[in-house]
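Here's a walk through a two-chain model, written for someone who would rather look at side chains than read tables of numbers. Have the viewer open as you go.

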Amino acid sequence: MSVSEMFITLQGVLTADQDIREEIRKVVQTLEQTAREILTVLQGVHQGSGFQDIPKKCQKAREHFATVRTQLASLKVKFPVDQYYRFHEHWRFVLQRLVFLAAFVVYLETENLVTREAVTEILGIEAERERGFHLDIEDYLSGVLTLASELSRLAVNSVTAGDYSRPLRISAFINELDSGFRLLNLKNDSLRKRYDGLKYDVKKIEEVVYDLSIRGLNKEATTGAGGEK
Amino acid sequence: MSGKEGTGGFRKRKHDNFPHGNRREENDNCNSSSAVILSFKSFQLELDTKHDKYERLVKLSRDITIESKRTIFFLHRITSAPNGEEILMESETKLDFVRQKIKQVAQELMGEDMYQFHRAISPGLQEYVEAVSFQYFIKTRSLISIEEINKQLIFAEDNKEEETKVLSSDSHNKQPHIWSLKVTPVDYLLGVADLTGELMRMCINSVGNGDIDTPFELSQFLRQIYDGFSYIGNTGPYEVSKKLYTLKQSLAKVENACYTLKVRGSEIPKHMLADVFSTKTEIIDQEDGLS
């Protein structure tokens, strides 16, 4: 094969590659749009009036996740199954965001940390790499870290709205998350950078709990929460 | 329950020397078996496994790079040595050694998505492409194709000790395995772009040795490669277009060398050519420094 023939073949390969990327980008854009819509729905909980109809908002968000599932299903067929990591960068960001949104919904509903398997179920993807389009563990953890900062904000706003028990529950939750993340040996990458922000979320919530404690506002809340559970 | 746990964790962080040590431990114990902690323990395991594999691959890639570089240096001696065949043969054994390393990479990547660890091994593979294509050029005066390279990177099992070490026991015992590693088109292109730098050096060296034919062959070959890269242009990734600039410089050097040979070659006795040429290259080097 002559040199020029070789380069023509290679050029063909590169063009095909670019076409795939273009297709992926299109789907990812629609995914980002849906993710923004879900976020808008869920942002309502920060409003003072929003605390009453949390279940309704979660319900609405879950309906949007159906759209996400179809969009992810169409993303799956845009590239060969075994080349997930080749194009990973394209959907990494939006997938982390979707994990956060799913985790937020699950937290609002059950006050538990969503498991990785549950997220994959909500998003309609696979849990393990061997079986197709899956959720990378680092993306899952990044999404969870976003949840932590969202919850520290929620703690502040729930006090403003007069809900004094929620910050205590959030505090317990975030502390558990924190000790979970302490178990990990993170490399010096983006996940590690995000993790370094977790301590500020922890601190913020502790301050809220402290403010409530010295004013005696947590007493009734604690008993209230204890009774609730 | 959650409220109680919360205050426990709260105390733990804020006052580490707080006297209620016992209660804190209790809380920790109940923490450490909670679902969240358990799942994070499995995450720890998964992440550590992944990072370890990545580190092993980085190390292998560095070994491959070093060995390939040595092979290239070794091959450069061919311009001055009378025993070309010997050098080629020895370079082949060196490359076989490199391929053994690549085999280990292939074994590490068995069942994995190659692109997940691509960043770890890409530099080594590029260097290998450079070395193997350089050797191929010296042998056949043509460009090795990516298929040819990949063909050499298919490894069957043989009964050496080292593999049993590398392999996990169970998969090893069943049947003969075949590992293969595919060089990606981009790695190939980047390797070939590096090759042109080596060819430029080879051209200058051969002039120094009074070899007048090789530079012309080289300039023609380089021009073909340059045309190829221009054809790809910016459809390729960013790194490829970055190399295009260096490639242009190498080509200019070789073309200037040929020009000098043509113009002065007829005037100057052969044994003095080297001197003329060495001053000429100095001038080119200075120009490069400016641009």
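## Salt bridges inside the chains

Asp211(A) and Arg215(A) pair up through their side chains in a salt bridge, 3.7 Å from N to O. The term salt bridge here takes a side-chain nitrogen of Lys or Arg within 4 Å of a carboxyl oxygen of Asp or Glu. Before going on, note that this is a predicted model, where local features need pLDDT of at least 70, side-chain atom pairs count only at pLDDT 80 or more, and totals for chains, interfaces and linings use all residues. Residues are numbered from 1 along each chain as its sequence is written, chains are lettered from A and ligands numbered from 1 in the order in which they are written, and side-chain values use heavy atoms, with hydrogens and water left out.

How open are the two partners? Buried means under 20% relative accessible area, exposed over 50%, and partly exposed in between (1.4 Å probe, protein chains only). Asp211(A) counts as partly exposed because its relative accessibility is 36%, while Arg215(A) is exposed at 53%.

Two other pairs each sit within a helix. Helices (H or I, at least four residues) and strands (E, at least two) are DSSP runs, numbered from the N terminus. Glu150(A) and Arg153(A) are both in helix 5 of chain A, 3 residues apart, or about one turn of the helix. Glu150(A) is buried, since its relative accessibility is 11%, whereas Arg153(A) is partly exposed at 38%. Over in chain B, Glu148(B) and Lys151(B) share helix 6, again 3 residues apart and about one turn. Glu148(B) is partly exposed at 28%, and Lys151(B) is exposed at 57%.

Here are the distances together:

| Salt bridge | N to O distance |
|---|---|
| Asp211(A) and Arg215(A) | 3.7 Å |
| Glu150(A) and Arg153(A) | 3.6 Å |
| Glu148(B) and Lys151(B) | 3.9 Å |
| Glu138(A) and Lys50(B) | 3.3 Å |

Over all chains, the count comes to 36 salt bridges.

## Where the chains meet

On the chain A side, helix 1 (3–43), helix 5 (137–160), helix 6 (166–182) and helix 7 (190–214) each supply at least two residues that touch chain B. Helix 6 of chain A gives the most, with 11 residues. By type, that side of chain A has 21 nonpolar, 8 polar and 13 charged residues; Ala, Val, Leu, Ile, Met, Phe, Trp, Tyr, Cys and Pro count as nonpolar, Asp, Glu, Lys and Arg as charged, and the others, Gly among them, as polar.

Counting contacts (heavy atoms within 4.5 Å), chain A puts in 42 residues and chain B 46. Buried area is the accessible area (1.4 Å probe) that two parts lose on being put together, summed over both. Between chain A and chain B this comes to about 4300 Å², with carbon and sulfur atoms giving 66%. In chain A, Phe7(A), Leu14(A) and Glu176(A) lose the most area to chain B, together 16% of what that side buries.

Chain B has 12 helices and 2 strands, and 46% of its 291 residues are buried. Buried residues in helix 10 of chain B include Pro215(B), Phe221(B), Tyr226(B) and Phe229(B). Just after this helix, Gly233(B) takes a positive phi of about 55°.

Most residues other than glycine have a negative phi. Yet Glu111(A), not a glycine, has a positive phi of about 60°. Glu111(A) lies in the loop between helix 3 (88–110) and helix 4 (116–123) of chain A, and is buried at 16% relative accessibility. Arg141(B) also has a positive phi, about 55°, and sits in the loop between helix 5 (118–140) and helix 6 (146–152) of chain B. Arg141(B) is partly exposed at 34%.
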